[in-house]
Amino acid sequence: MKRLAITSFSASMRSRAPMVMLFTILSLHILVACSAAEPTDHTIELTIIEGNLSGNSPITVKQRDSVHFHVTSDSNGVLHLHGYEMEISVNPNETTMFDLMAESTGRFKLTFHAEELEDDTHNHGHEELSAVMFIVLPR
């Protein structure tokens, strides 16, 4: 009787082996396809009105994506992407465009510093009026 149970179990496993192998192959294929996705391009529109930065927040992209920013403002100042240490000058009634490759992953604050609030050392000791979160997910 014990031998019959072992034989029955072994025959059952043999009949399931093709299904297990198919499931494993499909799972690996999906995993590789999702992780190997090509980087994409993103265009982000931001507006600064009376020192307040607005746009879709958070801005979420994946590592190695290209990000194209289009910024319009009604005042002079500096747009600062913390963590990437990018500072972009913006002028009133103009569209300022800049690009970046999203290499560093994490959460980064994108802030606007109005010109009249800046000091000569650019130490950011003032209160930032507004911020948009920029999130870069690992690919």
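A polar contact of 3.0 Å links the side chains of H113 and T111 in this predicted model. Such a contact is a pair of N or O atoms within 3.5 Å; within protein, one atom must be able to donate a hydrogen and the other to accept it, and residues adjacent in sequence count only if both atoms are side-chain atoms. H113 lies in strand β8, residues 106-114. The residue is buried, and its relative accessible area is 0%. Buried denotes under 20% relative accessible area, exposed over 50%, and partly exposed in between (1.4 Å probe, protein chains only).

The model is predicted: local features need pLDDT of at least 70, side-chain atom pairs count only at pLDDT 80 or more, and totals for chains, interfaces and linings use all residues. Residues are numbered from 1 along each chain as its sequence is written, and side-chain values use heavy atoms, with hydrogens and water left out.

The protein contains one helix and nine strands. Their order along the sequence is α-β-β-β-β-β-β-β-β-β. Helices (H or I, at least four residues) and strands (E, at least two) are DSSP runs, numbered from the N terminus.

Four strands form an open sheet in the order β2-β1-β4-β7, and the pairing is mixed. Its edges are β2 (52-54) and β7 (95-101), each of which pairs on one side only. From one strand to the next, the twist averages 25 degrees. Axes are lines fitted to C-alpha atoms, for helices over the stretch in contact, and angles run from 0 to 180 degrees between N-to-C directions. Two strands pair if DSSP finds at least two bridges between them.

Strand β1 (residues 41-49) pairs with β2 in the antiparallel sense, over three bridges. T47 has S54 of β2 as its bridge partner. I48 stands opposite L53 in β2.

Of the 139 residues of the protein, 29% count as buried. Contacts (heavy atoms within 4.5 Å) were also classed by sequence separation. Among those between residues at least 6 apart in sequence, 67% join residues at least 24 apart. The protein exposes about 9300 Å², of which carbon and sulfur atoms supply 58%. Accessible areas come from the Shrake-Rupley method with a 1.4 Å probe; for residues, only the protein chains shown count as cover.
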